[in-house]
Amino acid sequence: RRYLDESSHELKLLFKDSSGKSYEAAKAKIDDLLKTSPGDIALQQGIDKFKNVVQGFFFIDNPNNIFNSSYDYQTSFSLLKNSALEFIDLPKDMSLKDYEDAASLGVVTNTKFIAGKALHMGFANNMPDTDGLVRKYRLVEIINPIDQNRNYFSEPILVPSLGLSLAANYLKSGIVAHFDTHGLNELELVPEDSSQKSTKIPLYAQSASAMLINHYGSFSDLPQISLADAYDNKFPKQMPKILIYGGTGTGTNDKRPNPFDKHFDGVGFHATAVENILNHNFMSRSLFAPVLELSILVSTGIIISLILKYASAAKSGISILIFSVSLYFIDAYFLFGKGKWMYIGIFYIQAFSIFMLVTLYKYFSEERDKKMIRGAFQHYLNPAVISTLIENPSLLKLGGEKKTLTVFFSDVRGFTTISESLSPEKLTSVLNEYFTPMTKVVLDSNGLLDKYIGDAIMAVWGAPITLLDHADRALDASLEMLEILKILQAKWKADGLPHLDIGIGINTGEMVVGNMGSDQRFDYTVLGDSVNLGSRLEGITKNYGIRLICSQFTKESVLNPDKYIFRELDFIRVKGKNEPIKIYEVMEQNPETKNLMKSVAKEFEEGLAFYKKGDWDNAFAKFQKVLELRPEDGPAKVFVSRCEYLKTAELDHPWDGIWTYKTK
């Protein structure tokens with residue numbers, strides 16, 4: 001204390017005079033103090049005694065810090081020369097000067113008194129990444145010294161970091177630096193004992209003079225000895241073989257956060273780097289890692305997008321969870337756990353981003369689709385069917401697909417004549433009165449109201465919702481319509497309106513169903529020969545004087561045939577088709593007329609059998625008997641006339657029982 005007080009008093013007296021002479025005297029006094037300071041003397045003696053001490057220094061890479069400073073950079077550089085790397089493998093005809101862009105310009109070491117006998121030095125510089133976290137450790141640096149006059153005063157040298165120098169000296173190894181034309185390519189610690197294996201340190205591809213740090217966690221995980229304990233001679237039983245001195249006290253401002261500890265002290269990075277090198281516990285990142293990451297990113301992005309697109313929200317969430325857990329274990333046991341660093345975080349970000357985007361897209365698109373489905377079908381389908389479509393929009397396939405369905409056509413007979421006798425307002429009222437209950441029947445039976453065609457109705461059963469009993473539903477709906485028609489006819493008659501009657505044609509078969517039209521406008525409808533046949537059957541109902549005809553295909557598709565009274569009506573060839581078909585009348589079956597209808601159907605079909613054989617007399621007799629049972633029977637009247645005609649007609653070909661219609 002007396003020494004410091006006396007020295008301080010002398011400096012105060014010298015600094016009172018600001019003349020150059022006093023300044024030189026003060027500087028000389030400071031130099032003398034540095035040589036005679038008890039603390040510096042003790043430190044120098046300790047370094048000299050232990051010999052295996054690596055002193056720290058730091059380099060200057062900003063030229064302005066040198067040009068605007070009076071610090072003696074030349075002396076510091078001269079003290080550092082002993083620590084320069086001796087083994088430098090450079091490409092042919094190249095020197096360290098060729099890497100000037102990667103060089104620093106000056107160094108700051110301990111005082112000449114302390115560092116004068118230093119055998120080893122290592123720099124303490126280490127810069128964080130752009131996000132402020134330290135992930136890399138600088139291993140070597142080229143020093144190309146410059147003075148305040150902007151002159152390079154020595155050849156450049158390559159110097160090690162504090163951690164690298166400590167590890168090399170502990171392993172009694174030389175440091176070999178291999179360069180290529182781009183810069184440092186590899187660092188190797190080669191033991192003096194040739195029987196020992198060398199240690200190759202993997203360098204970070206994007207910062208060739210640094211290695212990736214394999215962190216051990218927070219700073220508290222590193223073994224520490226405080227100076228207070230050292231002063232009191234309190235040391236752990238298992239004394240570390242390498243000690244690194246560094247400030248960790250509050251206010252020392254050497255906090256350098258790593259990915260595990262935001263309060264990590266800078267000295268800890270040197271200790272971690274030494275441990276990584278000694279234990280060969282390196283982290284590495286391949287040059288091809290970015291390409292591999294991009295490839296995986298694209299492929300997993302496509303796979304995840306496809307899974308999320310077609311899976312439900314619950315299944316999508318489970319898929320993302322499985323992906324995340326799998327990725328964690330792959331990283332923990334095969335990548336990061338094995339010292340291979342990849343940007344795994346981007347895959348998590350990608351997965352959850354795609355999940356959120358696809359979920360939002362599906363939410364809004366499904367809402368839009370629901371509105372579209374409801375808007376498109378609210379007037380054509382039963383509300384319960386619409387709800388099913390909304391829950392399962394895949395049932396409403398865009399474009400066309402082939403399905404076996406039952407199609408229905410009905411038409412008001414003599415509509416043109418009727419329309420001429422009514423005002424437009426009255427005609428519209430009558431049609432609305434007719435369409436409303438008929439449409440309800442279609443919808444209530446889960447049929448699709450395809451369209452109104454003037455005074456005609458087109459409907460389909462079996463699409464878009466699959467119905468196994470589509471033929472049965474079509475026949476039930478048709479018979480119900482005919483019962484409703486009787487009520488309407490009575491009302492119209494009472495209102496003094498013309499008599500309206502309808503014909504119904506039904507066919508079952510394979511047809512194309514889906515959204516048909518253009519990009520601007522389309523309808524959900526059916527197309528195909530089976531549809532056309534249904535329309536033809538409706539047209540020929542008037543030829544037989546009946547209201548309801550179905551094809552043999554519909555009769556064959558009915559699941560409960562005993563429920564209906566079918567009368568085989570004819571064997572015909574309609575316009576536009578070469579193959580003949582059997583057609584049937586589905587007869588009304590009121591309880592009071594049911595037995596009569598069965599008798600009529602039986603007698604008629606017996607007459608039809610004679611008719612097909614060309615036995616006109618017996619056929620004629622049978623059809624006459626039908627008229628006796630039911631005088632107003634239209635088909636019997638038609639076949640009585642046909643028998644009379646065919647009995648005397650000269651046919652172009654042998655009779656085959658087929659009646660061909662030349663018109664629609």
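Strand β2 (residues 87-89) and strand β9 pair in the parallel sense over three bridges, two strands being taken to pair if DSSP finds at least two bridges between them. Within this pairing, Ile88 has Ala177 of β9 as its bridge partner. The model is predicted, so local features need pLDDT of at least 70 and side-chain atom pairs count only at pLDDT 80 or more, whereas totals for chains, interfaces and linings use all residues. Residues are numbered from 1 along each chain as its sequence is written, and side-chain values use heavy atoms, with hydrogens and water left out. Strands (E, at least two residues) and helices (H or I, at least four) are DSSP runs, numbered from the N terminus.

Strand β9 spans residues 173-180 and is mostly covered, with seven of its eight residues buried; buried denotes under 20% relative accessible area, exposed over 50%, and partly exposed the range in between (1.4 Å probe, protein chains only). Strand β9 also runs antiparallel to strand β10 (residues 183-191), to which eight bridges join it. Phe179 has Leu184 of β10 as its bridge partner.

An open sheet of three strands is arranged in the order β3-β7-β8, and its pairing is mixed. Its edge strands, each pairing on one side only, are β3 (103-104) and β8 (157-160). Strand β7 (residues 140-143) and β8 run antiparallel and are joined by four bridges. In this pair, the bridge partner of Glu141 is Val159 of β8.

Two helix pairs were examined. Helix α10 (residues 289-310) packs against helix α11 (residues 313-335) at an angle of about 155 degrees, and their axes are 9 Å apart. Axes are lines fitted to C-alpha atoms, for helices over the stretch in contact, and angles run from 0 to 180 degrees between N-to-C directions. The two helices α10 and α11 are therefore roughly antiparallel to each other; angles over 145 degrees count as roughly antiparallel, those under 35 as roughly parallel, 65 to 115 as roughly perpendicular and the rest as oblique. The crossing in which α10 passes α11 is right-handed, a crossing being right-handed if the near helix is turned clockwise from the far one by less than a right angle, and left-handed if anticlockwise. Thr300, Ile304, Ile307 and Leu308 of α10 make the contact with Ser316, Ser319, Ile320 and Phe323 of α11, where contact means heavy atoms within 4.5 Å. These residues comprise five nonpolar, three polar and no charged. Ala, Val, Leu, Ile, Met, Phe, Trp, Tyr, Cys and Pro count as nonpolar, Asp, Glu, Lys and Arg as charged, and the others, Gly among them, as polar.

The axes of helix α19 (residues 594-613) and helix α21 (residues 634-648) come within 12 Å and cross at roughly 20 degrees, which makes α19 roughly parallel to α21. In this case α19 passes α21 in a left-handed crossing. Phe604, Leu608 and Tyr611 of α19 meet Pro635, Ala636, Phe639, Arg642, Cys643 and Leu646 of α21 in the contact. Eight of the residues in the contact of α19 with α21 are nonpolar, none is polar and one is charged.

Lys563 is located in the loop between α18 (552-557) and β19 (565-573). Its relative accessibility is 39%, and Lys563 therefore counts as partly exposed. Residues up to four places away in sequence being excluded, Lys563 touches Asp476 and Gln589. The C-alpha atoms of Lys563 and Asp472 are separated by 9.2 Å, although these residues are 91 residues apart along the chain.
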